[in-house]
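Here is a short note for a colleague who is opening this structure for the first time. Please keep the model in view while reading the points.

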Amino acid sequence: MSILKFIVVLFFFVSIFESSNAQLSATFYASTCPNVTEIVRGVMEQTQRNDVRAGAKIIRLHFHDCFVNGCDGSVLLDNAAGIESEKDAPANVGIGGTDIVDDIKTALENVCPGVVSCADILALASEIGVALVGGPSWQVLLGRRDSLNANRSGVTPDIPSPFESLDVMIPQFTRKGMDLTDLVVLSGAHTFGRARCGTFEQRLFNFSNTGSPDPTINSTFLPTLQATCPQGGNNGNTFENLDKTTPNNFDNAYYINLQNQEGLLQTDQELFSTSGSDTIAIVNRYASSQSQFFDDFASSMIKLGNIGVLTGTNGQIRTDCKRVN
């Protein structure tokens with residue numbers, strides 16, 4: 001074998017090894033922390049009993065993490081020397097669930113110190129949080145590592161604000177390798193959880209400086225929202241359910257709400273009320289079939305969890321999710 005051919009063959013096998021080494025796996029912790037899922041589930045079950053929003057908080061953290069620099073736990077970092085926390089970006093102000101992650105991390109460090117990444121905690125806890133309130137289960141792939149930095153400036157362009165149109169949201173998803181189905185199905189995570197008045201009150205009285213409410217809000221739903229978030233009121237800590245029908249369950253009622261013009265956020269209702277959009281047919285499909293919604297949601301969550309992951313020797317395994325080791 002010539003030297004050149006040998007180098008080519010060697011490069012091929014090295015590439016194969018590096019590629020396989022970088023792949024996530026459902027059994028990644030089988031020998032190093034075999035009870036990882038049970039430990040995470042135990043904390044989530046305990047937390048869920050005291051906070052019905054626990055699952056919604058965690059899945060929001062996971063989404064906001066993955067859409068900025070990939071699924072690397074960067075959203076969890078506090079301000080520190082050389083680190084500007086993503087939690088201080090406008091789209092993340094008031095983001096909850098970090099205390100739940102800290103509790104899970106403490107439980108895991110007691111059993112498997114320095115083994116399970118914060119990024120993997122977000123992925124695992126998201127699946128468990130959805131399943132605990134009636135949603136689908138899926139096989140969570142593991143092996144992510146944690147970032148050494150954060151990217152506060154990347155939050156605003158990458159995370160859809162609640163005031164966006166579809167024209168803005170679609171590129172935010174396609175830049176991450178996600179398609180229109182992913183956009184609609186992952187928005188379905190708004191079938192549980194709550195939102196502050198500040199995320200939707202611009203629709204209630206003077207939408208787009210028209211002097212009138214958003215015309216895509218059902219006229220019988222509007223007075224309820226206006227009473228919850230009165231114009232000129234001190235509404236900073238007032239919340240409304242994202243799903244008016246079954247706010248604490250994971251089901252397909254979110255899409256039926258959109259058909260009835262009862263989506264809470266502008267970004268929600270845009271999926272059904274944007275004339276001529278291909279998203280309308282997807283909303284209708286999920287409104288008529290919860291099983292289809294569940295199947296597609298599970299697939300999109302796996303896809304989400306693969307965005308920009310750190311593996312191998314990249315990054316680190318943080319012992320405290322709020323700070324770099």
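1. Residue classes come first: Ala, Val, Leu, Ile, Met, Phe, Trp, Tyr, Cys and Pro count as nonpolar, Asp, Glu, Lys and Arg as charged, and the others, Gly among them, as polar. By these classes, the lining of the second largest pocket has eleven nonpolar, three polar and three charged residues.

2. This is a predicted model, where local features need pLDDT of at least 70, side-chain atom pairs count only at pLDDT 80 or more, and totals for chains, interfaces and linings use all residues. Residues are numbered from 1 along each chain as its sequence is written, and side-chain values use heavy atoms, with hydrogens and water left out.

3. The chain is assigned domain 1 (35–157) and domain 2 (160–301); such bounds come from an automatic or database domain assignment. Their C-alpha centres lie 23 Å apart. Domain 1 puts 20 residues into the contact and domain 2 puts in 19 residues. Contact means heavy atoms within 4.5 Å.

4. The largest pocket has a volume of about 1100 Å³. A pocket is an open set of points on a 1 Å grid over the protein atoms alone, where a 1.4 Å probe fits, with protein on both sides within 12 Å along at least five of seven lines; lining residues have an atom within 4 Å of a point. Volume is the space filled by probe spheres set on the points.

5. Where does the largest pocket lie? Domain 1 (35–157) and domain 2 (160–301) both give residues to its lining, so the largest pocket lies between them. The lining has 42 residues, and Arg60, His64, Ala91, His190 and Leu265 lie nearest the centre. H3 gives the largest share, six residues. Helices are DSSP runs (H or I, at least four residues), numbered from the N terminus. The lining divides into 24 nonpolar, eleven polar and seven charged residues.

6. The second largest pocket has a volume of about 190 Å³. Its lining has 17 residues, with Ala26, Val36, Thr37, Leu124 and Leu142 nearest the centre. H2 supplies the largest share of that lining, four residues.

7. H2 also meets helix H4 (residues 98–111): their axes come within 10 Å and cross at roughly 140°. Axes are lines fitted to C-alpha atoms, for helices over the stretch in contact, and angles run from 0 to 180 degrees between N-to-C directions. Val36, Ile39 and Val40 of H2 are among the contact residues, as are Ile100, Asp103 and Ile104 of H4. By class, this contact has ten nonpolar, one polar and one charged residues.

How values were computed:
Helix = DSSP H or I, 4+ residues; strand = E, 2+ residues; numbered from the N terminus.
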